[in-house]
Amino acid sequence: MYKVTTLIHLVPGVDASAGTALAVRLHDAAAPTARRVLVTPVLAGGINGGDVIAHLHFDDESQWRAVEPEVTAQLRTSEIGHVDSVGYTGVPAPTRGAVEPTIYRTLLVAVDDAADPEVVEQFESETRAMPNYIRTIGTSQLSRVHESAGSAQWTHVWEQEYADLDGLTGPYMTHPYHWAHIDRWFDPERGPRIVTRLCHSFCATDGAII
């Protein structure tokens with residue numbers, strides 16, 4: 001399994017139809033070899049989330065390399081301001097219950113290079129444990145990043161599926177586990193902050209994507 005997730009930031013003022021046309025071209029470029037392709041506008045409310053999200057899932061890295069030139073070429077257009085992109089592997093953690101996902105969410109994070117490796121492992125462990133407490137999380141996956149591009153040197157990607165948007169904006173964001181264990185990695189006023197930059201983005205999906 002090899003995944004590529006790209007958050008595409010359009011130039012301000014570009015007509016929305018440019019994003020729609022770009023999504024079609026990216027889908028067509030990746031679809032011949034990808035296991036799953038999700039290319040769609042992001043929903044409002046993210047942080048550095050971009051305008052279009054492209055989530056490409058391949059059986060192995062060689063399949064990605066086969067279509068990478070064409071996908072990359074589609075990202076070199078005047079309508080695009082910049083992209084934040086990650087390539088990674090990992091193992092999905094399946095949902096505990098029956099969840100028909102309609103929302104896909106991704107969080108790109110840049111962990112400080114100077115962070116103690118044991119602290120980074122604790123951050124990873126506590127993040128992976130979130131579905132044990134926050135029951136609206138469906139299938140999820142936390143991965144270390146193999147390839148990074150964009151506004152930061154991304155180190156991790158944290159993905160989740162939700163049955164509806166309320167599951168993300170409500171129970172996920174407001175759960176005591178989030179406030180007590182996760183926020184301290186992001187907020188210097190709450191503890192040993194190690195995350196220096198993030199992209200929080202989410203979009204609609206018509207089925208499982210992770």
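Which residues have the most contacts inside the largest nonpolar core? To find out, select Val-111, Phe-123, Met-130, Tyr-172 and Ile-194, which hold that place in a core of 22 residues. A nonpolar core is a set of buried Ala, Val, Leu, Ile, Met, Phe, Trp, Tyr and Cys residues joined through side-chain atoms within 4.5 Å; buried means under 20% relative accessible area, exposed over 50%, and partly exposed in between (1.4 Å probe, protein chains only).

The model is predicted: local features need pLDDT of at least 70, side-chain atom pairs count only at pLDDT 80 or more, and totals for chains, interfaces and linings use all residues. Residues are numbered from 1 along each chain as its sequence is written, and side-chain values use heavy atoms, with hydrogens and water left out.

Next, display strand 5 (103-111), which gives the most to this core, with four residues. Helices (H or I, at least four residues) and strands (E, at least two) are DSSP runs, numbered from the N terminus.

Then select Tyr-133 in helix 4 (residues 130-133) and Tyr-177 in helix 6, 44 residues apart. Their ring centres lie 4.4 Å apart with planes at 10°, so the pair is stacked. Rings of Phe, Tyr and Trp (its six-membered ring) pair if their centres lie within 6.5 Å; planes under 30 degrees apart count as stacked, over 60 as edge-to-face and the rest as tilted. Tyr-133 is partly exposed, at 46% relative accessible area, whereas Tyr-177 is buried, at 8%.

Finally, move to Phe-58 and Trp-64, a tilted pair with 5.7 Å centre to centre and 45° between the planes. Phe-58 and Trp-64 are both buried.
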